Amino acid sequence: MLYRNARIENAEATSDIRVTDGLFAQIAPHLEAAPGEEVIDLNGKLVLPPFIESHVHLDTCLTAGDPVWNMSGTLFEGIECWSKRKDKLSRQDIRERVQQCVRLYAANGVQFIRTHVDVTDPKLTAMQALIELREELRDVMEIQIVAFPQEGILSYPNGKQLMIDAVKMGADCVGAIPHFEFTREYSVESLNFALQLAADNGKLVDVHCDEIDDEASRGLETVAARALELELFDKVTASHTTAMHSYNNAYVLRLMRLLKMSKINFVANPLVNTHLQGRVDTYPKRRGITRVKELTAEGINVSFGHDDIFDPWYPMGNGSLRDVVFMGLHVCQMMGYEDIMNSYRFITTNAAKTLHLGDRYGIAEGRAANFIVLDAPHYYDALNRNAPVLRSVRMGKTIAETRPAATEIEF
Ligand code: FE2
């Protein structure tokens, strides 16, 4: 199969791409079609490596309004709504919603998902369902599973054992939620436990870290210190870190040295945190998003995630990561020309680092032929016009196609 005239990652010039046996066989300015070879002309459209969802909760997705809507929109009413919905939770219910959500993502060019799965459940129902689906959906979506202790590790009955069990069942990453633990001591101990569990079992780490507007919430320094000391480095990710928005600058200056030494990744969730943070403020209201601009300027890896898709905590979401990037650039004030042009990296190459995909990801000869085609010549235009993903190709096979809507102007 020969794809002609692809504009790979905003390049000025176009390239031809030959795909053979599910791999990128050749990439060059011009390739001759072999006799009988199928040719698709991409007409200078933007070609990117697939989008990556680096932070979502698939086990809660598509439950907004069932059985009740979150009327205030707050995190706490979200927890109340979820506790009512939790009664109906079954393996089949989770399977159906996750399959539906994966199809939404696929339609929008996503081929990799890191999902957090609540393990503060003595039956580990959601974990079981997600582990099955990870295998069943492997051909169309690569799913990474984080054992996520929604109600804490030390602050939930048998919390440590549930984490150990989830890792034994096959979780890819160990999670934690230090800002939700009962005490600061529990917070530190939960992180020591989680990172040691990951080190002992060769797992990645992704912590829900300081997702609160409390400037005294300082789980991040413990995450970074343990990542450094246990030599886990970039296997570790700190998600949310919204408290960093409220830290004083003198503390951030000191912290930044440790963050760089630790080599950890960050995930910001601009839609959900703009919606949920600053809720106890009157005016001025904090934006409550981590310091993406400053972390990026220091060479620290940051990716963007959706976090919640149409659930009690966030009432929107259609599987498109475009809106995540769009909101992220606004709220982080990263709207310079280069910032906008390169912002696809938050949901592609940067996210690939977070997920530790290595050379399993990227458009290069010899790698898996996974790519997407957008209806735009470059990402600036794609983002601005909300251009659809025309085609998503995985291992050389088209797994989703979209025909753009046509508008007739009548004047
Ligand atoms: Fe989250």
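In which loop is Asp210 found? In this predicted model, in which residues are numbered from 1 along each chain as its sequence is written, Asp210 is found in the loop between strand 10 and helix 6 (219-229), where helices (H or I, at least four residues) and strands (E, at least two) are DSSP runs numbered from the N terminus.

The backbone of Asp210 has a positive phi of about 55°, although the residue is not a glycine. Leu62, likewise a residue other than glycine, has a positive phi near 60° and lies in the loop between strand 6 and helix 1. That loop also contains Pro67, and the peptide bond from Asp66 to Pro67 is cis, with omega near 5°. A cis peptide bond is also found from Tyr283 to Pro284, with omega near 0°, and Pro284 lies in the loop between helix 8 (270-276) and helix 9 (292-297). Most residues other than glycine have a negative phi, and most peptide bonds are trans.

The iron ion is coordinated by the NE2 atoms of His55, His57, His208 and His240 and by an OD atom of Asp307, at 2.2 to 2.8 Å; donors are N, O and S atoms within 2.8 Å of the metal (3.2 Å for Na, K and Ca), and since water is not among the atoms, sites may look incomplete. Along the chain, the donors follow the spacing H-x1-H-x150-H-x31-H-x66-D. Distant parts of the chain are linked by the pair of His57, in the loop between strand 6 (51-56) and helix 1 (75-86), and His208, in strand 10 (residues 204-209), which are 151 residues apart.

The protein is divided into domain 1 (2-48 + 362-401) and domain 2 (51-360), the bounds coming from an automatic or database domain assignment. The C-alpha centres of the two domains lie 30 Å apart, and 21 residues of domain 1 are in contact (heavy atoms within 4.5 Å) with 25 residues of domain 2. The area buried between the domains, that is, the accessible area (1.4 Å probe) lost on putting the two parts together and summed over both, is about 2000 Å², of which carbon and sulfur atoms give 59%. Tyr380, Leu383 and Arg394 supply 33% of the area that domain 1 buries against domain 2, more than any other three residues. Strand 14 (371-374), helix 13 (379-385), strand 15 (389-394) and strand 16 (397-401) each supply at least two residues of the side of domain 1 that touches domain 2.

Salt bridges, defined by a side-chain nitrogen of Lys or Arg within 4 Å of a carboxyl oxygen of Asp or Glu, number 0 between domain 1 and domain 2, while the structure holds 26 of them. One of these joins Arg4 to Asp16, with the closest N and O atoms 3.3 Å apart. Because Arg4 lies in strand 1 (residues 2-8) and Asp16 in strand 2 (residues 15-20), this pair ties together parts that are 12 residues apart in sequence.

Definitions and conventions:
Predicted model: local features only at pLDDT ≥ 70, side-chain atom pairs only at ≥ 80, totals over all residues. Heavy atoms only, no water.
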